[in-house]
Each structure stands twice: as structure tokens, then as C-alpha cells.
Amino acid sequence: MVEQGKPVEFWRWPETNWVNPDIDWIKGEWITAGVDVGSVSTQAVIMVDGEFYAFGNTRTGSDSPNSAQKGMDYALEKTDLKLENIDYCIGTGYGRVNVPMAQQAITEISCHARGANFMYGPDVRTVMDMGGQDCKAINVDDRGKVLNFMMNDKCAAGTGRGMEVFADLIHIPVWEIGPRSFLISREPPSISNTCVVFAKSEVVGLLEQGVPENEIMAAYCSAMAHRIMELLKRLGVKEKFVITGGIAKNEGVVKRLEKELGIKTAEQAWANPQYREKNYPFDTQLAGALGAALFGQSLLELGKAKSVRKT
Amino acid sequence: MIVAGIDVGGKNVHIVIRKDGRILTKGTLPAGIKKAEAVDALYDQVLKQAGLSRKDVERVVATGSAAKRVAFAHGFIQDVVADARGVIKSFPNARTVIDVGAEEGRAIKLGADGKVLDFAINEKCAAGTGTFVEAMSRALEVSVEEMSKIALDSTKSIPMNAQCAVFGESEVVSLIHQKASKADISRAVMDAVAGRVGSVVRIVGLEKDVMLVGGMAKNAGFVDSLEKNLEMPVIVPNDPEYMGAYGAAEVALSDIFEEAK
């Protein structure tokens with residue numbers, strides 16, 4: 001499909017950034033940042049004394065250092081803050097060791113657990129992080145510490161990348177798949193192939209047979225839910241159960257997963273009542289970067305890290 | 001007596017028409033979405049090549065993952081059985097059969113009498129199949145045929161991290177960005193497939209002689225990588241992609257023989 005000479009990319013989700021209007025960073029003591037360079041998306045979060053200050057959520061480019069820079073620039077864009085004003089920065093995610101502005105790297109499993117604890121509250125016990133090229137089921141304690149986890153990073157089935165491939169195949173923007181998967185008259189059987197490559201052939205076959213697109217989306221969402229379910233069953237799910245990462249935004253997958261699991265996921269909203277009241281944006285993709293920034297704050301407070309702030 | 005063996009796989013249909021021990025004619029066609037139609041079209045085409053019509057064929061045996069699409073078949077056999085029967089007929093010393101097709105990889109352990117002692121299949125995942133190589137070929141923008149040749153010119157072994165074909169495509173793209181040569185990338189892809197196939201083979205155990213059949217057996221680069229992985233020579237028969245259909249025809253012949261007894 002061609003539009004204005006450029007191929008349409010149905011997987012391409014919109015990038016976002018935001019700055020907190022209620023915080024004046026100059027009055028803050030510690031300014032920390034977390035940069036989560038994933039295989040598909042990169043997020044940078046900036047916190048002032050442990051409060052959510054700014055973020056940028058962008059698509060990962062061809063290499064980690066540039067992607068980290070792009071994410072950070074995007075987070076800084078709406079602020080009058082400069083990189084030099086940041087006390088401490090922690091890299092996380094798949095490209096965490098290649099974050100040029102970071103002083104330290106922490107695994108995304110720890111960061112997602114910590115970030116989910118901050119976002120959804122201390123009563124979170126299971127975090128399902130559904131990333132671009134992997135998914136992790138993590139059991140956590142009330143401080144957001146990792147107790148145990150299970151991970152799939154070998155297979156695209158059940159990952160965001162798998163959903164993007166599907167979106168591209170059926171020519172539907174990736175964010176429309178969830179809502180449209182419910183516009184059906186009957187719940188179809190799941191796509192039977194696990195492998196994304198084989199599932200593609202199966203989908204082509206269904207299209208060819210004239211199965212309605214929305215039904216195929218439902219079949220794909222339910223296959224993905226099923227795949228995630230396998231991981232969760234092995235780990236054991238405890239409530240409060242939350243989903244982080246990009247797929248958390250796909251209600252077609254989330255609602256089917258809840259149904260199969262018999263457990264509801266917690267509402268995607270800030271645990272902090274003030275954040276809720278002030279309508280701060282709640283983006284499930286931010287958990288990793290947020291967790292990293294929070295680790296930076298703790299390290300500075302405990303004197304385990306030294307500020308690198310230049311001005 | 002004239003018989004037909006029809007192998008309907010994930011990607012292609014193969015038909016072999018035999019008169020007793022001799023192959024009269026054979027042919028292949030992409031299976032496409034409507035596999036039954038492809039089977040019908042190919043069957044009539046190969047019969048015509050041999051100057052035959054459907055009524056001349058005494059028995060038809062079908063095999064392959066979509067064998068049931070052959071509405072006119074008299075019998076159906078598992079692809080493992082088809083491979084075993086076909087191989088043992090032409091290579092009595094074979095003890096291990098490896099079949100790597102478009103969407104499946106299989107390893108079969110044969111007894112001295114040609115009986116299937118054990119087998120293992122990967123049909124869940126594109127890694128370790130021809131589909132994986134095709135996906136990488138698209139990312140590399142080099143045809144599969146070309147990849148199979150240039151992989152042999154590679155001077156450097158690059159291990160691929162990705163097992164998954166979807167992740168593999170991104171890895172190939174990043175190898176291109178890192179200026180790895182197309183020969184080295186091709187070899188990396190073949191090594192990756194050989195690694196997956198090798199682990200399926202090791203489930204049943206490896207014993208000489210080792211036969212390699214299926215479409216991937218025509219890929220010289222892959223054969224080389226597999227021999228290195230198994231640390232053992234593998235024998236590739238002529239027209240290795242027809243082995244399933246040949247074996248099905250072999251079963252059709254012995255069925256008739258049994259009935260006559």
C-alpha cells in the first residue's frame with residue numbers, strides 16, 4: 001500500500017512526551033533520569049525528588065546510543081531542563097549498557113518491578129511486562145523487589161513485535177486492533193499456530209476464505225493471550241495483577257487474558273491519588289524507565305551514588 | 001502396475017508416478033492456499049506428461065501435513081513413514097533420516113529392516129525450517145539459491161543470537177548495518193538452521209548412514225553447515241524434495257502386493 005510515495009507502516013504507533021506543569025525542577029534537590037532502551041521502543045523518564053516530572057516515549061532506532069539520546073531529547077523537549085542539570089541517570093532495557101548519558105545500568109526486570117510498584121501501588125504482587133521482543137512475568141513484594149520471574153525472549157509469539165507484524169500483514173493500525181477485535185458477532189477459535197511466521201500464513205488463509213478482519217483480529221488477540229497465559233501459569237499469578245509494556249494498551253489481548261486467567265488486571269491508573277486527580281498521563285510503557293529513575297533517587301539518598309550534575 | 005505418491009506439504013505439492021520399481025514421471029507445484037486445487041492440477045499435469053489418465057493409476061497414497069486434501073487417495077500415511085519407506089528402498093544402509101522442509105524439520109531413526117524406531121519433529125516453530133531461510137533471504141535481499149551458494153564462500157563464522165525468524169530478520173538487518181559480508185550472513189543463517197535441526201536429530205540419536213531429504217537438502221550451504229554441526233557426512237539423494245512422494249508411491253506398491261498375496 002502506498003501513500004504519498006511512502007509505504008504505510010501499520011505498526012507505527014504514535015510517539016509521546018509530557019512535562020509536569022506542577023513541578024519547578026529548580027526547587028528540587030535531586031533530579032534523576034531513567035532511560036529504558038527496549039528492542040522496539042525507548043522511554044526516558046525524569047523525576048524530581050522522586051516525583052514524576054517528564055517523559056518521552058519513542059521508537060528505538062538502529063542503535064542503542066542514538067535511541068537513548070533521542071528518547072532523552074524528547075523527554076527534555078517540553079522542559080527547560082538540560083542534560084547537565086540531571087544528578088544521576090540509570091540505563092535499563094535491552095540496550096541498557098549502551099546508554100551514553102547513564103552512570104549505571106540495572107536490568108529491566110528490577111526496573112519494571114520497581115516502576116509498577118510506583119505506578120500501581122505497593123499491593124502489586126504480579127507484574128506482566130509485555131515488551132517489544134520479550135515478555136516477563138514477575139512476582140514482586142510490597143517494596144517492588146523482584147521475588148521470582150519467568151521470561152520468554154526467544155520467540156516473537158506473545159510479544160509486541162508479533163502484534164506489529166500482524167498489524168502490518170492485515171493493514172490495520174496496531175492501536176485499532178484491540179477495540180476492533182470486539183466488533184464481532186461470535187468469538188472465533190484462536191489462531192492455531194504459535195510461531196508468528198506460520199501464524200502469518202494462517203491469517204492469509206483466513207483472509208482468503210473471507211473471514212471478517214475483525215474476527216481474525218480477535219483470533220490473533222486470543223492466541224496472544226493464550227501464549228502469555230502459559231508463562232503466567234508457570235510462574236503463578238497473585239493479585240494485584242498488573243500489565244506493563246506496550247501490549248497492556250491492547251484491550252483485545254488484556255480482556256481475553258483476564259477471561260482465561262479468571263483474574264482481573266488492576267485499573268491502569270496511578271496509585272497516587274494526587275496524580276490521579278491531576279490527570280497525569282499514565283503510560284504502561286513507562287514502568288521500566290520510571291523504575292530506573294526511582295533507583296537513581298534511592299542511590300543518591302543513600303549516598304551510594306554521587307551526583308554528576310554540572311550546573 | 002502404476003501407482004502415485006502424493007506429498008502435500010506446508011508449501012509445495014510433490015507427485016511421483018511409478019510403474020513397479022521405475023519412476024515414470026514426477027512434478028511439483030506450490031500448494032498455495034487452496035491445496036486441493038493445486039493437487040488436482042498437478043496430478044493431471046504429471047499424468048499427461050506420461051501419457052496417462054487417472055484410470056490408469058491403480059493406487060494413490062498421500063502423505064504430508066495436508067495429505068487429507070487429496071480427496072481421491074486410497075490411503076494416507078504419516079510423512080515419517082513415507083520418508084522411511086522411500087529412503088530404505090533406495091539406501092538400505094541409512095539409519096538416520098533428516099527431512100527439512102518448508103515448515104517442518106524431522107529426524108527419524110531407522111532399524112536395519114527399515115522400521116521406524118524413533119522420530120522427533122519440530123513443526124511449531126519456523127526456526128530450523130526452510131521458511132526461516134526464506135525470511136532471512138528477504139531481509140538480506142539475496143535469493144535463497146544465491147545464499148545457498150555464497151554461504152560456502154564465507155570466511156567467518158558469525159553466531160546468530162536470534163532463534164525466532166521474526167527476531168532473526170532484525171538481526172540480519174543489523175548485521176548488514178555492521179557491514180558483515182553477505183556470504184558470512186548467509187552462512188550465519190545456515191548455521192542457525194543447522195543448529196536447530198541438529199538438536200532435533202540429537203533427540204533420536206545419530207547413526208550412520210545419515211540421509212538428508214526435503215527441500216532444504218538442495219541447499220548446499222545448509223548441507224555444509226549441517227555436516228559441521230553433526231560432525232558427520234550426510235548423504236543427499238537425487239531430487240531429495242521428492243522423497244516423501246516416492247515413499248508414498250512405495251507404500252502404494254507394497255499395498256497392492258500385499259492384497260495380491
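Student: Where is His171(A) found?

Tutor: In this predicted model, His171(A) sits in the loop between helix 3 (160-170) and helix 4 of chain A.

Student: What makes His171(A) count as exposed?

Tutor: There are 10 other C-beta atoms within 10 Å of His171(A). A residue is exposed if that number is 12 or fewer, so His171(A) is exposed.

Student: What is the phi of His171(A), which is not a glycine?

Tutor: The phi of His171(A) is positive, about 60°. Most residues other than glycine have a negative phi.

Student: Why is Asn279(A) called exposed?

Tutor: Asn279(A) has 8 C-beta neighbours inside 10 Å. The limit for exposed is 12 or fewer, so Asn279(A) counts as exposed. Asn279(A) also has a positive phi of about 60° although it is not a glycine, and its place is in the loop between helix 8 (273-277) and helix 9 (287-301) of chain A.

Student: What makes Asn193(A) count as buried?

Tutor: Asn193(A) has 20 C-beta neighbours inside 10 Å. Buried requires 20 or more, so Asn193(A) counts as buried. Asn193(A) lies in the loop between helix 4 (177-180) and helix 5 (196-208) of chain A.

Student: Which residues does Asn193(A) touch, not counting residues up to four places away in sequence?

Tutor: Leaving out residues up to four places away in sequence, Asn193(A) touches Phe198(A), Ala199(A) and Glu202(A).

Student: Why are helix 3 and helix 5 of chain B called roughly parallel?

Tutor: The axes of helix 3 (residues 130-140) and helix 5 (residues 165-177) of chain B cross at roughly 30° and come within 9 Å. Angles under 35 degrees count as roughly parallel, and these two helices of chain B are therefore roughly parallel to each other. Their contact residues divide into eight nonpolar, two polar and one charged.

Student: What makes helix 2 and helix 8 of chain B roughly perpendicular?

Tutor: Helix 2 (residues 79-90) and helix 8 (residues 243-260) of chain B pack at an angle of about 85°, with their axes 7 Å apart. The range for roughly perpendicular is 65 to 115 degrees, so helix 2 and helix 8 of chain B are roughly perpendicular to each other. The residues of this contact divide into seven nonpolar, three polar and five charged.

Student: How many residues does each chain give to the contact between chain A and chain B?

Tutor: Chain B gives 13 residues and chain A gives 16 residues. Helix 5 of chain B gives the most to the side of chain B that touches chain A, with four residues.

Student: Which kind of peptide bond runs from Glu239(A) to Lys240(A), cis or trans?

Tutor: That bond is cis, with omega near 5°. Another cis peptide bond joins Lys208(B) and Asp209(B), where omega is about -15°. Most peptide bonds are trans. Lys240(A) has its place in the loop between helix 6 (213-235) and strand 12 (241-245) of chain A, while Asp209(B) is found in the loop between helix 6 (182-204) and strand 9 (210-213) of chain B.

Notes
Residues are numbered from 1 along each chain as its sequence is written. Chains are lettered from A and ligands numbered from 1 in the order in which they are written. This is a predicted model: local features need pLDDT of at least 70, side-chain atom pairs count only at pLDDT 80 or more; totals for chains, interfaces and linings use all residues. Two residues are in contact if their C-beta atoms, placed from the backbone, lie within 7 Å. Axes are lines fitted to C-alpha atoms, for helices over the stretch in contact, and angles run from 0 to 180 degrees between N-to-C directions. Angles under 35 degrees count as roughly parallel, over 145 as roughly antiparallel, 65 to 115 as roughly perpendicular and the rest as oblique. Ala, Val, Leu, Ile, Met, Phe, Trp, Tyr, Cys and Pro count as nonpolar, Asp, Glu, Lys and Arg as charged, and the others, Gly among them, as polar.
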